Amino acid sequence: MFQGSNKHTEPFSRDKLFISVYEACRHRKTASEDARHLSDTVVKQLVGAKHSATVRRHHVVTVTTGVLERFDRVAAIQYLAYHPL
């Protein structure tokens, strides 16, 4: 489950994560493949650190931004433009 800042809870969507990472990486020639691998990395980190059945939006954004910053700083900035902390 995913919980946003307004306490609204919804199922976590790997597809939504992929799309947001893809949009951030769109400037790259291999955007689709990069987004797939980066999304896998984010999900692994979220599952590895998960102590409950609910993950907060802030945590998803923080982990995704960290993964993107290590890969491509421009992509991280693009991601944060649409998913502010």
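Close-up 1. At 28% relative accessibility, Tyr22 counts as partly exposed, a class lying between buried, under 20% relative accessible area, and exposed, over 50% (1.4 Å probe, protein chains only). Phe18, at 27% relative accessibility, likewise counts as partly exposed. The model is predicted, so that local features need pLDDT of at least 70 and side-chain atom pairs count only at pLDDT 80 or more, whereas totals for chains, interfaces and linings use all residues. Residues are numbered from 1 along each chain as its sequence is written, and side-chain values use heavy atoms, with hydrogens and water left out. The structure holds 1 aromatic pair, for which the ring centres of Phe, Tyr or Trp (its six-membered ring) must lie within 6.5 Å. Phe18 and Tyr22 form this pair, with 6.2 Å centre to centre and 20 degrees between the planes, and it is stacked (planes under 30 degrees apart; over 60 is edge-to-face and the rest tilted). Because Phe18 and Tyr22 are 4 residues apart in helix H1 (residues 14–24), about one helical turn separates them; helices are DSSP runs (H or I, at least four residues), numbered from the N terminus.

**Close-up 2. The contact of helices H3 and H4.** The axes of H3 (residues 57–71) and H4 (residues 73–82), which are lines fitted to C-alpha atoms over the stretch in contact, come within 6 Å and cross at roughly 155 degrees, on a scale from 0 to 180 degrees between N-to-C directions. H3 and H4 are therefore roughly antiparallel to each other, a term for angles over 145 degrees. From H3, Val60, Val61, Thr64, Thr65, Leu68, Glu69 and Phe71 meet Arg73, Ala75, Ala76, Tyr79 and Leu80 in H4, where contact means heavy atoms within 4.5 Å. The residues of this contact divide into 8 nonpolar, 2 polar and 2 charged.

**Close-up 3. Thr65 in helix H3.** Thr65 has its place in helix H3 and, at 7% relative accessibility, counts as buried. Leaving aside residues up to four places away in sequence, Thr65 touches Ala76, Tyr79 and Leu80.

**Close-up 4. Leu68 and the largest nonpolar core.** Of the 19 residues in this core, Val21, Cys25, Leu38, Val42, Leu46 and Leu68 touch the most other members; such a core is a set of buried Ala, Val, Leu, Ile, Met, Phe, Trp, Tyr and Cys residues joined through side-chain atoms within 4.5 Å. The elements giving two or more residues to it are H1, helix H2 (31–49), H3 and H4, and H2 supplies the largest share, 6 residues. Leu68 touches Val21, Ala24, Cys25, Leu38, Arg73, Ala75, Ala76 and Tyr79, again not counting residues up to four places away in sequence.

Definitions and conventions
Parallel < 35°, antiparallel > 145°, perpendicular 65-115°, else oblique. Nonpolar A, V, L, I, M, F, W, Y, C, P; charged D, E, K, R; others polar.
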